[in-house]
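Hello! I am handing over the structure we talked about, and my notes follow below. Have a look at it before you read on.

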Amino acid sequence: MKLTLLELVQDMLVATDSENISSVGETEDAGMCVNIANREFEKLISKFRWRHTRAFSKLEVTSIKNEMTLASNAVAVDPNTVYYSDDRVYWMEPDRFLAYTITRLTSESNIVESNNVKVYSDRNPQYFTSFDDYTLVFDSYPNASGLLKASTDAIVYTQPTSRLSADAEYFDLPAQAFPALSQRCIAKAVLEIKGDTQGYTAEKREADNAVAALSRNIILVDKPPDVRHNIIPRRSMRNTFNRTQRIIP
């Protein structure tokens with residue numbers, strides 16, 4: 001069940017033996033609970049790649065012709081879903097990307113050095129990487145205008161850009177995640193409002209268990225790829241010959 005901001009605040013106030021309220025702006029403790037709830041939501045929404053936050057998006061241009069960034073509400077991009085002019089652009093690890101581009105000769109008319117990366121200036125990009133986990137760096141751009149926002153497509157993970165403050169508002173989480181959010185909020189309220197460190201430790205343990213359970217739920221959260229799935233086991237070195245010799249009379 002999804003809980004409104006008011007319901008979350010009321011649960012925190014009960015846990016801290018504070019005065020109950022009918023609106024989140026009634027008391028100072030209630031205001032502190034609103035801030036705690038927003039902080040804990042922000043931690044939880046950024047902890048995983050929630051499936052309900054996936055969205056189609058355009059990339060943003062920068063002053064560097066072969067570089068782009070995510071939209072302001074995006075926190076991550078699926079590296080397998082980046083397209084330019086309807087053609088897929090493939091992800092490369094930074095070291096491999098550098099090795100791939102460094103041998104290009106800037107003496108050629110269609111190769112330029114852009115922000116220390118040698119790129120083609122006359123074709124759509126084929127590969128991209130990121131050196132800082134914020135800016136996407138591409139191996140080429142099609143013309144003097146550089147990469148264009150309208151030509152890009154990607155699947156990104158987003159998060160809200162403003163906090164909740166009204167009684168009936170809901171945090172952008174699936175219903176199954178609200179017990180974990182509520183437990184995290186209660187734990188913080190017990191520490192910050194009630195000042196009970198021992199009680200906080202017990203509540204935080206329950207909150208951590210609830211969050212761990214969410215990470216195991218493949219319906220709600222996109223898990224990072226498991227490299228073990230790409231391991232090719234070696235064939236067994238079993239001896240296929242029968243060691244028993246037949247005695248011929």
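Which residues of H5 are buried? Before the answer, two remarks. This is a predicted model, where local features need pLDDT of at least 70, side-chain atom pairs count only at pLDDT 80 or more, and totals for chains, interfaces and linings use all residues. Residues are numbered from 1 along each chain as its sequence is written, and side-chain values use heavy atoms, leaving out hydrogens and water.

Now the answer: Gly199, Tyr200, Ala207, Val211 and Leu214 are the buried residues of H5 (buried means under 20% relative accessible area, exposed over 50%, partly exposed in between, with a 1.4 Å probe and protein chains only). They lie on the same side of H5, because they cover an arc of only 95° around the axis (the arc is that of the directions from the helix axis to the C-beta atoms). On the face turned away from that buried side, H5 carries the exposed residues Gln198, Arg205 and Asn209.

What do the buried residues of H5 pack against? Their partners are helix H2 (28-47), strand S1 (49-50), helix H4 (178-192) and strand S14 (221-222). Here contact means heavy atoms within 4.5 Å, and helices (H or I, at least four residues) and strands (E, at least two) are DSSP runs, numbered from the N terminus.

Phenylalanine 171 is worth a look too: Leu5, Phe41 and Leu181 are among the residues that it touches, not counting residues up to four places away in sequence.

Finally, at the start of H5, a side-chain oxygen of aspartate 196 comes within 3.2 Å of the backbone nitrogen of glutamine 198.

Enjoy exploring!

How values were computed. Polar contact = N/O pair within 3.5 Å; in protein donor to acceptor, adjacent residues only side chain to side chain.
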